[in-house]
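This report describes one protein chain. The sequence and the model are shown here.

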Amino acid sequence: MFDTDIIVRYLLSVPSVAIAVLLVEMQDGRTKASFRSRGKLPVNKLAKEFGGGGHMNAAGALFPYTPEKVQQVLPQAVRRFIKEHEALL
C-alpha cells in the first residue's frame, strides 16, 4: 500500500493550511481519515470525535462508510473545530 502520510504532510506544507485531511477508501468500503496540523492545533481531539486518536499534530480515524459519505459529515466538523480552536492558529 502506498504511504499516504507523504501526501497529507505535503498538503500541510502549504503555508495557509492549518489542518490537512486525507481520506482513503479501504478495500472493505470503510474510509481511513488522516489528520495533520501544525503548531498547537490538537487534531487528535478532532479524530477522537470520530472514534479515532493519535498525537496532537498527527491523528486518524476509521469511518464505517464510503469517502462520499464522510465528505458529507467531515467538512462541517473541521470548520467547527477550527473555529473552536481559533486562538491556537
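The sections below cover the overall fold, the last helix and the salt bridges of this predicted model.

## Overall fold

The chain contains 3 helices and 4 strands. Along the sequence these elements come in the order α-β-β-α-β-β-α. The radius of gyration is 12 Å, close to the 12 Å given by the globule rule for 89 residues, so the chain is as compact as a globular protein of that length. Along its principal axes, the C-alpha trace spans about 40 × 25 × 20 Å.

Of the 89 residues, 31% are buried. Among contacts with a separation of 6 or more, 45% are between residues 24 or more positions apart. The chain exposes about 5,700 Å², and carbon and sulfur atoms supply 56% of that area.

## Helix α3

Helix α3 covers residues 67–84. It has 18 residues and reaches 25 Å from its first C-alpha to its last, close to the 26 Å expected at 1.5 Å a residue. The helix bends by about 30° at Val-73, and a proline, Pro-75, follows within four residues.

The buried residues in α3 are Pro-67, Val-70, Leu-74, Ala-77, Val-78 and Phe-81. The elements that cover them include the strands β1 (19–25), β2 (31–37) and β4 (58–63), together with helix α2. An α-helix has 3.6 residues a turn, so residues three or four places apart point the same way.

## Salt bridges around Arg-80

The chain has 5 salt bridges, counted with a cut-off of 4 Å between side-chain nitrogen and carboxyl oxygen. Arg-80 takes part in a salt bridge with Glu-49, where the closest N and O atoms are 2.4 Å apart.

## Other salt bridges

Which residues does Asp-5 join in a network of salt bridges? Asp-5 is linked in this network with Arg-9 and Arg-36.

Arg-30 forms a salt bridge with Asp-28, and their closest N and O atoms are 2.8 Å apart. Arg-30 has a relative accessible area of 35%, so this residue counts as partly exposed.

Key
Residues numbered from 1 in each chain as written. Predicted model: local features only at pLDDT ≥ 70, side-chain atom pairs only at ≥ 80, totals over all residues. Heavy atoms only, no water. Buried < 20%, exposed > 50% of the residue type's maximum accessible area, 1.4 Å probe, protein only. Helix = DSSP H or I, 4+ residues; strand = E, 2+ residues; numbered from the N terminus. Expected span 1.5 Å × (residues − 1). Bend = angle between axes of the 7 residues up to and from the residue. Contact = heavy atoms within 4.5 Å. Rg over C-alpha atoms; globule rule 2.2 N^0.38 Å. Areas by Shrake-Rupley, 256 points an atom, 1.4 Å probe, with all protein chains shown as cover.
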